Amino acid sequence: MRHYGRWAGRPKGVPEDTTRCIVSVGWSHYIFNQCSRKRGHGKDGLFCAQHAKKYPTGKGIFLPEDNDE
């Protein structure tokens with residue numbers, strides 16, 4: 001499971017919402033959250049329409065590691 005928004009005050013972050021796009025987007029200079037758009041596009045249907053278009057190039061896309069926590 002991926003985790004988003006990890007920082008010193010929340011070291012475990014927030015677990016992945018399996019209904020939302022898996023891309024990590026920044027709302028601060030150092031804290032990143034999960035994209036708020038619905039899944040259903042791109043590779044394995046894991047992306048929103050906007051990020052599915054960017055995924056093949058790899059530009060502007062950050063995917064957190066999928067770990068077993």
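Me: How far apart are the closest N and O atoms in the salt bridge Glu 16 forms with Arg 39?

Reply: They sit 2.2 Å apart. A salt bridge here is a side-chain nitrogen of Lys or Arg within 4 Å of a carboxyl oxygen of Asp or Glu. Keep in mind that this is a predicted model: local features need pLDDT of at least 70, side-chain atom pairs count only at pLDDT 80 or more, and totals for chains, interfaces and linings use all residues. Residues are numbered from 1 along each chain as its sequence is written, and side-chain values use heavy atoms, with hydrogens and water left out.

Me: OK, and which parts does the Glu 16 and Arg 39 pair tie together?

Reply: Glu 16 is in the loop between E2 and E3, while Arg 39 is in the loop between strand E4 (32-34) and H1, so the bridge links parts 23 residues apart in sequence. Those labels are DSSP runs numbered from the N terminus: helices (H or I) have at least four residues and strands (E) at least two.

Me: Are Glu 16 and Arg 39 buried or exposed?

Reply: Both are buried. The cut-offs are relative accessible area under 20% for buried, over 50% for exposed, and partly exposed in between (1.4 Å probe, protein chains only).

Me: How many salt bridges does the structure hold?

Reply: Three. Glu 16 also meets Arg 2, at 3.3 Å from N to O. Arg 2 lies in the segment before strand E1 (3-4) and Glu 16 in the loop between strand E2 (14-15) and strand E3 (24-26), so this pair ties together parts 14 residues apart in sequence. Then there's Asp 17 with Arg 20, where the closest N and O atoms are 4.0 Å apart.

Me: How exposed are Asp 17 and Arg 20?

Reply: Asp 17 is partly exposed at 29% relative accessible area, and Arg 20 is partly exposed too, at 25%.

Me: New topic. Which residues make up the largest nonpolar core?

Reply: There are nine: Tyr 4, Cys 21, Ile 22, Val 23, Cys 35, Phe 47, Cys 48, Ala 52 and Ile 61. A nonpolar core means buried Ala, Val, Leu, Ile, Met, Phe, Trp, Tyr and Cys residues joined through side-chain atoms within 4.5 Å.

Me: What is Cys 48 in contact with, leaving aside neighbours within four places in sequence?

Reply: Cys 21, Cys 35, Arg 37, Lys 38 and His 41. Contact means heavy atoms within 4.5 Å.

Me: And where does His 51 lie?

Reply: In helix H1, residues 49-54. His 51 counts as buried, at 5% relative accessibility. With neighbours within four places left out, its contacts include Cys 21, Cys 35 and Ile 61.

Me: How many aromatic pairs are there?

Reply: One. It's Phe 47 with Tyr 55: the ring centres are 4.7 Å apart and the planes sit at 35°, so the pair is tilted. The rule: rings of Phe, Tyr and Trp (its six-membered ring) pair if their centres lie within 6.5 Å, with planes under 30 degrees apart called stacked, over 60 edge-to-face and the rest tilted. Phe 47 is buried at 2%, whereas Tyr 55 is partly exposed at 29%.
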